[in-house]
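Please open the model in your viewer and keep a selection panel at hand. The stops below say what to select next and what is found there.

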Amino acid sequence: MANTPQSKKRARQLERRTAVNKARRSRIRTFLRKVEEAIASGNAEIAREALNSAQPELMRGVTKGVIHKNTAARKMSRLLARVKALATA
């Protein structure tokens with residue numbers, strides 16, 4: 001339990017920051033889920049649009065420190081490959 005005024009303030013700040021990060025992470029997951037659903041539907045055009053809207057959201061998560069840069073790059077690479085395969089098929 002926080003005892004000093006500084007530690008109490010840090011606990012309050014951590015609580016707020018956790019809520020913000022949780023919301024950001026959830027938003028990123030929603031955008032990624034939309035891409036997954038578009039790929040599953042088989043429509044290459046919708047999948048490409050969903051991917052284009054998900055990319056900035058994913059990169060914003062990187063700049064805000066919610067996810068690691070390499071994690072975002074890996075996710076984008078894998079989704080891009082799947083959308084590309086869908087377009088050629």
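At what angle do the axes of α2 and helix α3 cross, and within what distance do they come? Before selecting anything, note that this is a predicted model, in which local features need pLDDT of at least 70 and side-chain atom pairs count only at pLDDT 80 or more, while totals for chains, interfaces and linings use all residues. Residues are numbered from 1 along each chain as its sequence is written, and side-chain values use heavy atoms, with hydrogens and water left out.

**First stop: α2 and α3**

Select α2 together with residues 69-88, which form helix α3: the two axes come within 10 Å and cross at roughly 175 degrees. Helices here are DSSP runs (H or I, at least four residues) numbered from the N terminus, and axes are lines fitted to C-alpha atoms over the stretch in contact, with angles running from 0 to 180 degrees between N-to-C directions. The angle makes α2 roughly antiparallel to α3, a label given to angles over 145 degrees.

**Second stop: α1 and α2**

Now select residues 5-41 (helix α1) and residues 44-63 (helix α2), which pack at an angle of about 160 degrees with their axes 9 Å apart. That makes α1 roughly antiparallel to α2. Residues of α1 including Arg 27, Ile 28 and Phe 31 meet residues of α2 including Ala 54, Glu 57 and Leu 58, and the residues of this contact divide into 12 nonpolar, two polar and three charged.

Within helix α2, centre the view on Glu 57, which is buried, with a relative accessible area of 8% (buried means under 20%, exposed over 50%, and partly exposed in between, with a 1.4 Å probe and protein chains only). Leaving aside neighbours within four places in sequence, Glu 57 is in contact with Arg 27, Ile 28 and Phe 31.

**Last stop: Lys 9**

Finally, select Lys 9 in helix α1, which counts as partly exposed at 45% relative accessibility.

Technical notes. Helices (H or I, at least four residues) and strands (E, at least two) are DSSP runs, numbered from the N terminus. Angles under 35 degrees count as roughly parallel, over 145 as roughly antiparallel, 65 to 115 as roughly perpendicular and the rest as oblique. Contact means heavy atoms within 4.5 Å. Ala, Val, Leu, Ile, Met, Phe, Trp, Tyr, Cys and Pro count as nonpolar, Asp, Glu, Lys and Arg as charged, and the others, Gly among them, as polar.
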